[in-house]
There are 2 protein chains.
Amino acid sequence: MKTGGKQYAVGVDFGGTSVKLALVSAQGKIVAREKFVTADAAGQTAWLGAVAAAIDRMLAVAKLKKSALAGVGVGVPGFVDFEKGFIHDLTNVPGWTAVRLVAKMQKKLGLPAYVDNDANMMALGEIAYGGGKNLQTAVFITLGTGVGGGIVLDGKVYRGAFSMAGELGHISIERNGLASPQGRGGLEQYIGNRRIVEHAVQLLKAGRTSKVEALCGGDLDKITPELLAIAAHDGDTFSREIFDYVADCLATALASVTYLLQPQAFIIGGGVAASGKILFDPLRKHLAARLSPHFAKRIKVLPAKLGNDAGAVGCAALALMSQ
Amino acid sequence: MKTGGKQYAVGVDFGGTSVKLALVSAQGKIVAREKFVTADAAGQTAWLGAVAAAIDRMLAVAKLKKSALAGVGVGVPGFVDFEKGFIHDLTNVPGWTAVRLVAKMQKKLGLPAYVDNDANMMALGEIAYGGGKNLQTAVFITLGTGVGGGIVLDGKVYRGAFSMAGELGHISIERNGLASPQGRGGLEQYIGNRRIVEHAVQLLKAGRTSKVEALCGGDLDKITPELLAIAAHDGDTFSREIFDYVADCLATALASVTYLLQPQAFIIGGGVAASGKILFDPLRKHLAARLSPHFAKRIKVLPAKLGNDAGAVGCAALALMSQ
């Protein structure tokens, strides 16, 4: 990543449950961390105060002055207008509709500020400093309750014409598939955590058997993707089939993205991605089968590396790149 | 479109059947044209000679000197390496494997030269001077025997990490759909000209009736998308259903592209697109139904305007932009 003069920045990963902050060097190293519970700083004034105090504490720990900071980046769970530094609305965080966050932060902190969608920031973090380090053009996808993503082209976050691009979870993999408010056949409707579990439970109730039944103590309501992964690693045929299905659904969407954007790589993060080779092996196999050789031989599928730090690190990267 | 100092360029649309040249102004106006049969100038030396002679004739017609030209752009039906000015291979044109075309052209013509994929050049032509004029970020799709496309982001052709991006015809709309060398469920397998006709013929053979049967004189082998369009415009229920199906398949792919890239608009060209409202009305309806309101209200679907000139005009636009 090319960065300008100042060698540090702060990233703020603004989640519905907690706000995680990191003081990050231009080499991508976290030199200090802070965290507070979102509900403990409800409303904009309290939130800005908590962020300012956390930044002061991190600067003290790192023995740095505020003047060492290139700025502060914030990643939020919702729709933003990046150019205007404006939050349209946040999912699951009350009191944040139509907020000029960048202007408020710059006034409160006396530092350049930036606000972007959280998935974009995870994408930038992973591609600047994580699983996609040294890549210029890559697509990040995170697998969790929701399926999200972000696109980095020529080293910069691609946001589309109205700041909303990169919604990989809504790519359709079945024209007449499962309906949602976002359309039909959206990837998230097949491989979001709950959908994976529902699919497994449905098959088990229909008579399939699996080691996962013992792992959840016979209570199918306790099945999670993690338990399915444990069973799959233990050689359970049923759980491996579930991961093969997840991998093929994901490969269908990633093949479409490859034909459209031809990135250097996909970086896969989130809980399900932590399952490792039981996901990545079938994913690479199905993706190659769904592409012509010209495309298949040039695309890489790589695991994310930054885990829960990706968002905060990406936010700091944005501030470092933007100075 | 921003262009530099010189106010004219030549575009060369290198097709398998004919080579069409246009001398184009920075305002997108064609001031002279030339054309020759591809087979009449077989091989690289003959082709370069025919192109050079055609450029001289166009300059004479337009009363311009070669020094008025920003350069020459060529669009080819096949895989190229844009950065290296290199043709990997052309579809349906023998003798053009592994050719350093840009170097050869610059030597022969004494002008800056560029080579790109033909669909990219059509996209650039339409977005610089045609249906997408004044747009910065738009996706072009052409409907014909094949389904191709090109992407313009921030006014520039987006080519991906290895010059092959923009293959919209291979976006999958059905995970378990029709197989092809490019994967499964690719859009082209549903709405390429032959597939549209096959689909119609299959339904007619199964007992459906349509005005198109009279239009083709009872010979179902003579059905074309054009005849179906005539019948549809004439109120034929069956043909309208066929176009509704084509529109929904296309909308499935375009919804995925919208979630991924959020362009300002799609520009739709090619033979089937000339069908007009019988395609565009259901296309806009299905696309809106497949998107959340945030995305639906911001995306436009526009007809291409340059017809068969799009490629040559786009090639000239590339040379004008690159000076």
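Me: How many residues of chain A are in contact with residues of chain B?

Reply: Please keep in mind that this is a predicted model. A contact between chains is read by listing the residues on each side, and here 37 residues of chain A are in contact with 37 residues of chain B. On the side of chain A that touches chain B, the elements giving two or more residues are β12 (183-184), α8 and α10 (293-296), and the largest share, eight residues, comes from α8(A). Sorted by class, that side has 18 nonpolar, 13 polar and six charged residues.

Me: At what angle do helix α8 and helix α9 of chain A pack?

Reply: A helix pair is read from the angle and the distance between the two axes. For α8 (residues 237-261) and α9 (residues 277-289) of chain A the angle is about 45°, and the axes are 8 Å apart; the two helices are therefore oblique to each other, and their crossing is right-handed. Among the residues that make the contact are A:Phe243, A:Ala247 and A:Leu250 of α8(A), together with A:Leu279, A:Leu283 and A:His286 of α9(A). The residues of this contact divide into twelve nonpolar, one polar and three charged.

Me: Why are α3(A) and α11(A) described as roughly perpendicular to each other?

Reply: The description follows from the angle, because values of 65 to 115 degrees count as roughly perpendicular. Helix α3 (residues 118-129) and helix α11 (residues 310-322) of chain A pack at about 80°, with their axes 7 Å apart, and they are therefore roughly perpendicular to each other. The contact includes A:Met121, A:Met122 and A:Gly125 of α3(A) and A:Val313, A:Gly314 and A:Leu318 of α11(A); by class it has eleven nonpolar, three polar and two charged residues.

Me: Which residues have the most contacts inside the largest nonpolar core?

Reply: A core is read through its members and the contacts among them. The largest nonpolar core has 219 residues, and those with the most contacts inside it are A:Ala316 and B:Ala316. Leaving aside residues up to four places away in sequence, A:Ala316 touches A:Ala9, A:Val10, A:Gly11, A:Ala22, A:Val24 and A:Gly73.

Me: Where is A:Arg208 found?

Reply: A single residue is read from its place in the chain and its surroundings. A:Arg208 is found in the loop between α5 (193-205) and α6 (212-215) of chain A, and it is partly exposed, because 14 other C-beta atoms lie within 10 Å, a count between the limits of 12 for exposed and 20 for buried. Not counting residues up to four places away in sequence, A:Arg208 touches A:Leu203 and A:Phe238.

How values were computed
Residues numbered from 1 in each chain as written. Chains lettered and ligands numbered in written order. Predicted model: local features only at pLDDT ≥ 70, side-chain atom pairs only at ≥ 80, totals over all residues. Helix = DSSP H or I, 4+ residues; strand = E, 2+ residues; numbered from the N terminus. Contact = placed C-beta atoms within 7 Å. Core = buried A, V, L, I, M, F, W, Y, C linked by C-beta atoms within 7 Å. Axes fitted to C-alpha atoms, helices over the stretch in contact; angles between N-to-C directions. Parallel < 35°, antiparallel > 145°, perpendicular 65-115°, else oblique. Left-handed = near helix turned anticlockwise from the far one by under 90°. Nonpolar A, V, L, I, M, F, W, Y, C, P; charged D, E, K, R; others polar.
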